[in-house]
Amino acid sequence: MGTADARITRLVADLNRYSRLYHEDNVSEIPDQAYDALFRELEDLESANPAFRLPDSPTQRVGGLISSALEPFVHEVPMLSLQNAFSAAELEEFEARVRRHLGGGPAAIAYQIEPKLDGLAMELVYEDGVFVRGGTRGDGQVGENVSHNLRTIPSVPLRLRDAPAGRLSVVGEVLFDLSGFEAMNDRRERDGEKRFENPRNAAAGTMRQLDPKMVQGRPLLFFAHSAGLMPAECMARSQSALVAQFARWGFRVNPLNVVVDSVADVVAAIESLRVQRPGLDYEIDGAVVKVDSFDLQQELGFVTRSPRWAVAYKYPPERVRTVLEGVLFSVGRTGAVTPVACVRPVRVGGVTVSRTTLHNQDELARLDLCVGDTVEVERAGDVIPKVVQVVADADHAHRARVCFPTLCPECGTVLIRDAEEAAIRCPNELGCPAQVRRAIQHFASRLCMDVEGLGEKMVDQLVGAGLVRTPSDVYRLTFEQLLALDRMGKLSAQNLLAGVDASRSRGLDRALMALGIRHVGEATARDLARHFVTLDALLCATVEQLLVVEGIGAIVATSVAEFMARERNQTEVQALRSLGVRFEPIAAPVQAGALVGKVFVLTGTLTALGRDEASRMLEAAGAKVSGSVSKRTSYLVAGAEAGSKLDKARELGVTVLDEAGMLALLAASGGAG
């Protein structure tokens with residue numbers, strides 16, 4: 001062995017040991033400066049002797065090639081979903097089912113209780129102990145290959161200690177450590193970047209980055225918890241023994257795992273985890289209960305795509321207390337006035353919350369809020385923060401009560417209550433600055449007319465200067481008017497006018513959505529455009545003719561007919577036409593293909609495409625995208641933080657996909673190009 005070869009081998013072994021001690025045991029065996037010096041020496045030696053570079057070299061965690069796309073990752077063994085439990089009674093039912101399938105079973109059945117990590121499920125594949133690839137869960141069969149990003153995570157071993165020969169795979173979870181997440185967000189804010197909303201979504205988005213340099217250095221953790229493909233000679237006898245084996249191989253495993261032998265102890269262990277939850281430096285949203293014995297697991301088997309030997313216990317949404325500092329009243333595009341609570345910043349469900357929804361006047365009255373009250377806040381579905389209740393105290397009656405305004409906070413017009421809804425609205429549609437701003441922002445948004453350069457700040461400036469009051473005013477803007485605005489240069493003015501000009505050729509569906517017709521979203525606008533083909537046909541459509549369109553009920557039909565009948569709206573549509581907006585007919589739907597006629601429901605956050613882009617791709621492939629789950633639903637596409645729709649889909653036996661599974665279906669049908 002040559003000098004360079006030997007030195008590289010020694011440096012790799014030493015640096016990996018130092019890193020393992022630091023990340024697993026919180027032990028710094030050498031100063032940071034010494035580690036950095038050895039790391040630079042290794043980089044120089046590998047650069048001069050690339051043939052001697054080892055696959056588990058710590059330099060392989062840094063940089064790497066940018067992926068042009070995330071390729072499919074076929075799992076070694078299908079990754080299954082777990083059935084849920086929400087109460088002690090449901091845990092008792094779980095044990096009763098276990099015993100029933102075991103014919104009574106042993107007197108005591110051991111269960112391993114694990115924290116249910118709120119991260120991104122991954123499978124890591126090793127050959128002869130060396131990491132070769134890894135990917136996301138996907139639909140359980142196929143995920144996304146994110147090997148380039150997994151290599152950057154310090155707690156992902158690039159070489160296992162004393163691992164067997166051949167191929168094996170390990171399943172676990174990638175997630176942020178919370179203190180590191182907060183520090184990273186603080187740095188982003190100082191650098192003028194947007195803060196990440198919450199750790200779960202940030203982890204999902206991070207792992208799907210194409211450039212590993214965007215991932216390297218972010219405080220991600222990997223916890224190993226389950227076997228994928230495992231050679232028979234090294235397969236443990238139980239779940240707890242398997243996790244201990246993972247630790248010996250060099251994986252990080254959760255120290256809160258416990259083994260108990262009764263359902264009462266299962267309930268107690270889950271409650272203990274719940275008590276510890278606020279103090280953990282990573283997010284959990286429940287606990288996983290597994291029959292510990294692999295022999296019993298094999299005897300119990302599976303039902304559909306879930307094991308009979310495991311259940312996921314979900315904690316109710318976390319509630320925290322904070323102080324109400326005030327209430328703002330926001331005026332939306334349709335004039336609806338929404339109360340927003342301003343609370344003393346508090347962390348709930350992994351997110352720092354300073355504003356929460358109060359929904360409407362009825363909810364405000366129910367809560368009986370006073371400024372200075374202590375309130376309980378939770379994230380509904382662990383997503384949207386809301387005030388749940390006021391914590392009663394003796395001073396509540398002496399504080400200033402929050403009352404819904406009688407006048408619009410933006411324009412002073414007397415507010416009216418919508419007879420059909422709980423909403424309070426400002427009727428001054430064209431004179432209320434907030435409604436005008438939001439209407440123009442909506443008109444110019446990406447899903448509508450997609451006017452490049454006409455963002456929120458520019459709309460505020462144009463409305464404030466009195467240049468724009470209606471959508472047609474956008475098409476009347478001149479170069480001279482734009483140049484007169486503050487901080488508007490010639491190039492910016494030219495680019496905005498070019499964006500305005502390009503928007504004249506948008507399709508009828510996007511123009512209908514841009515007009516802001518109540519109850520008409522993207523899917524409804526597309527259905528109307530396909531059915532009526534031209535704007536003229538739609539302008540004179542009756543309620544009866546509108547009801548013929550599939551998926552359109554009485555409320556939507558009445559709303560569209562009334563909008564089209566108003567003289568002011570007809571004048572505005574004709575003005576847009578005279579200014580060159582063409583309301584182009586849209587392409588007919590696909591008539592043949594694997595997805596034609598299939599009904600999809602999208603829920604949660606889709607990080608690669610977003611729900612709007614995913615809807616367009618599915619509909620372009622002939623599928624229909626619905627907003628609710630029913631027996632007619634073919635697939636539910638569940639993104640991060642999916643809520644009640646996911647539970648209903650499972651109840652109805654609807655096939656559940658994640659974003660990768662949806663993309664695989666689109667690719668197979670020829671609709672993902």
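How many nonpolar, polar and charged residues are in the lining of the largest cavity? The lining has four nonpolar residues, three polar ones and one charged residue.

## Cavities

The count comes to three cavities of 30 Å³ or more. The largest cavity has a volume of about 60 Å³. Its lining consists of E114, P115, L117, F223, A224, H225, N254 and N257.

## Five-stranded sheet

Strand β3 also belongs to an open sheet of five strands, with the order β2-β13-β10-β3-β9 and mixed pairing. The edges are taken by β2 (84-85) and β9; each has a single partner strand, so one side of each has no neighbour in the sheet.

Within this sheet, β10 (residues 284-291) and β13 (residues 310-314) run antiparallel and are joined by five bridges. Opposite V288 stands A312 in β13. Two helices are placed against the sheet. Helix α8 (residues 263-276) packs on it and touches β3, β9, β10 and β13, its direction making about 25 degrees with that of β3. Helix α7 (residues 239-249) lies across β3, β9 and β10, and runs at about 55 degrees to β3.

## Four-stranded sheet

A further open sheet is formed by four strands in the order β22-β21-β23-β24, and here the pairing is parallel. At its edges stand β22 (624-626) and β24 (655-657), each with a single partner strand, so that one side of each is left without a neighbour in the sheet. On average, neighbouring strands of this sheet are turned by 30 degrees against each other, direction ignored.

Four bridges pair strand β21 (residues 599-603) with strand β23 (residues 635-638) in the parallel sense. The bridge partner of F600 in β23 is Y635. Helix α23 (residues 644-652) lies across β21, β23 and β24 and runs at about 145 degrees to β23.

## Second largest pocket

The second largest pocket has a volume of about 1100 Å³. It is lined by 37 residues, and E429, G516, F563, R566 and R568 are those nearest its centre. By class, the lining of this pocket divides into 16 nonpolar, ten polar and eleven charged residues.

Helices α11 (433-444), α20 (554-565) and α21 (567-578) each supply at least two residues of the lining. The largest share, six residues, comes from α21.

## Confidence

The mean pLDDT of the protein is 87, with 94% of its residues at 70 or more.

Where pLDDT is low, predicted coordinates should not be read in detail.

Terms used: Residues are numbered from 1 along each chain as its sequence is written. This is a predicted model: local features need pLDDT of at least 70, side-chain atom pairs count only at pLDDT 80 or more; totals for chains, interfaces and linings use all residues. Side-chain values use heavy atoms; hydrogens and water are left out. On a 1 Å grid over the protein atoms alone, a cavity is a set of points where a 1.4 Å probe fits but cannot get out, and a pocket is an open set with protein on both sides within 12 Å along at least five of seven lines; lining residues have an atom within 4 Å of a point. Grid points are joined across faces, edges and corners, and a volume is the space filled by probe spheres set on the points. Ala, Val, Leu, Ile, Met, Phe, Trp, Tyr, Cys and Pro count as nonpolar, Asp, Glu, Lys and Arg as charged, and the others, Gly among them, as polar. Two strands pair if DSSP finds at least two bridges between them. Axes are lines fitted to C-alpha atoms, for helices over the stretch in contact, and angles run from 0 to 180 degrees between N-to-C directions. Contact means heavy atoms within 4.5 Å. pLDDT is the predictor's confidence in each residue, from 0 to 100.
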